[in-house]
Amino acid sequence: MSSSLCIQGLTASVGGKEILRGIDLEVGAGQVHAVMGPNGSGKSTLAHVLMGRPGYEVTGGSVTIDGVELLGLATWERAQAGLFLALQYPVEVPGVSMADALEEAVAAAGGDRRDVVERLAAEAVRVGQDPAILRRAINVDMSGGEKKRNETLQLGVLRPRFAVLDEIDSGLDVDALRMVSSRVEAATTEFGLGVLAITHYSRLLNELHPDVVHVLARGRIVDTGGPDMATELERTGYAAYGGDTEEPVTGAGGAGDPAAGGDPFADPLA
Ligand code: ADP
Ligand code: MG
């Protein structure tokens with residue numbers, strides 16, 4: 001049996017307000033599913049709920065990897081079950097370098113920490129990250145592009161079974177985007193990574209080829225189609241699905257807003 005991440009009837013609230021209203025998705029090993037949708041539709045909420053961020057109340061449904069229920073598990077346990085989240089707003093971790101964090105994470109998963117520095121260096125080349133950055137505190141005083149490259153480096157070293165990428169394209173210039181998206185695409189064949197790629201724009205999907213595209217609007221998957229749907233959506237916008245107007249969003253990014261502050265459970269490596 002091939003591996004799968006299966007989301008069924010997932011409903012969740014934040015601050016007493018229902019945001020996810022019944023999500024059904026199944027991502028197979030090696031597959032790429034894109035989730036597109038207007039601001040405030042619940043994309044980041046879905047990402048945080050999958051990873052178990054505190055403050056999000058799951059009110060129904062299930063999320064399994066190969067039949068193992070993830071809901072109710074701690075974030076680190078979900079990571080050990082093979083789930084990875086690249087945050088829309090990566091968290092700064094003062095005093096901890098990428099090598100330190102990844103050595104701990106790899107050791108905790110039963111891997112060999114002695115390989116980590118070398119693997120990290122190889123991953124840095126693949127996404128165009130300056131090696132000097134690997135010795136600095138994670139994401140502290142780094143540009144948006146450097147932070148998104150860091151998220152991708154973690155993915156490459158940890159080799160999870162499924163990765164949720166929350167707007168990994170935001171903050172990346174065209175060249176960086178090409179490197180990051182082709183690294184993730186390669187992971188789908190190198191180690192059978194299954195990807196849930198949340199994005200606002202089809203440009204991410206030029207190198208990271210989706211098998212399936214879903215539209216999330218007002219907490220529900222309202223449309224599902226093939227890869228061509230991404231370019232079509234970019235042309236037509238989301239107005240047909242209720243657009244940006246239904247749920248006015250204040251601030252930059254709702255659930256993922258950096259103003260919400262870092263918490264130690266937001267990122268599997270934090
Ligand atoms: P997207 O990522 O699709 O832009 P989000 O998942 O960030 O959307 O937000 C979905 C909705 O949930 C928005 O209306 C947002 O304001 C609301 N929301 C997210 N986080 C919180 C929170 N911590 N408290 C209250 N409302 C929130
Ligand atoms: Mg978001």
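I took helices (H or I, at least four residues) and strands (E, at least two) as DSSP runs, numbered from the N terminus. The model is predicted: I asked for pLDDT of at least 70 for local features and 80 or more for side-chain atom pairs, while totals for chains, interfaces and linings use all residues. Residues are numbered from 1 along each chain as its sequence is written, and chains are lettered from A and ligands numbered from 1 in the order in which they are written.

**Helix 4**

I looked up helix 4, residues 116-127. Its twelve residues reach 16 Å from first C-alpha to last, close to the expected 16 Å (1.5 Å times one less than the number of residues). Just past its end, G128 has a positive phi of about 70°.

Next I checked burial (buried: 20 or more other C-beta atoms within 10 Å of a residue's own; exposed: 12 or fewer; partly exposed: in between; C-beta atoms placed from the backbone). V116, L120, E123, A124 and V127 are buried. They fall within an arc of 105° seen down the axis, so they line one face of helix 4; the arc is taken from the directions from the helix axis to the C-beta atoms. E118, A122 and V125 are exposed on the other side.

What do the buried residues of helix 4 pack against? I found helix 3 (98-108), helix 5 (144-158) and helix 6 (174-190), with contact meaning C-beta atoms, placed from the backbone, within 7 Å.

I then traced an open sheet of four strands, order 2-1-4-5, with antiparallel pairing (strands pair if DSSP finds at least two bridges between them). Strand 2 (17-28) and strand 5 (68-69) are the edges, each pairing on one side only. Strand 1 (4-14) and strand 4 (56-65) share eight antiparallel bridges. I noted L5 bridged to I65 in strand 4.

Key
Two residues are in contact if their C-beta atoms, placed from the backbone, lie within 7 Å.
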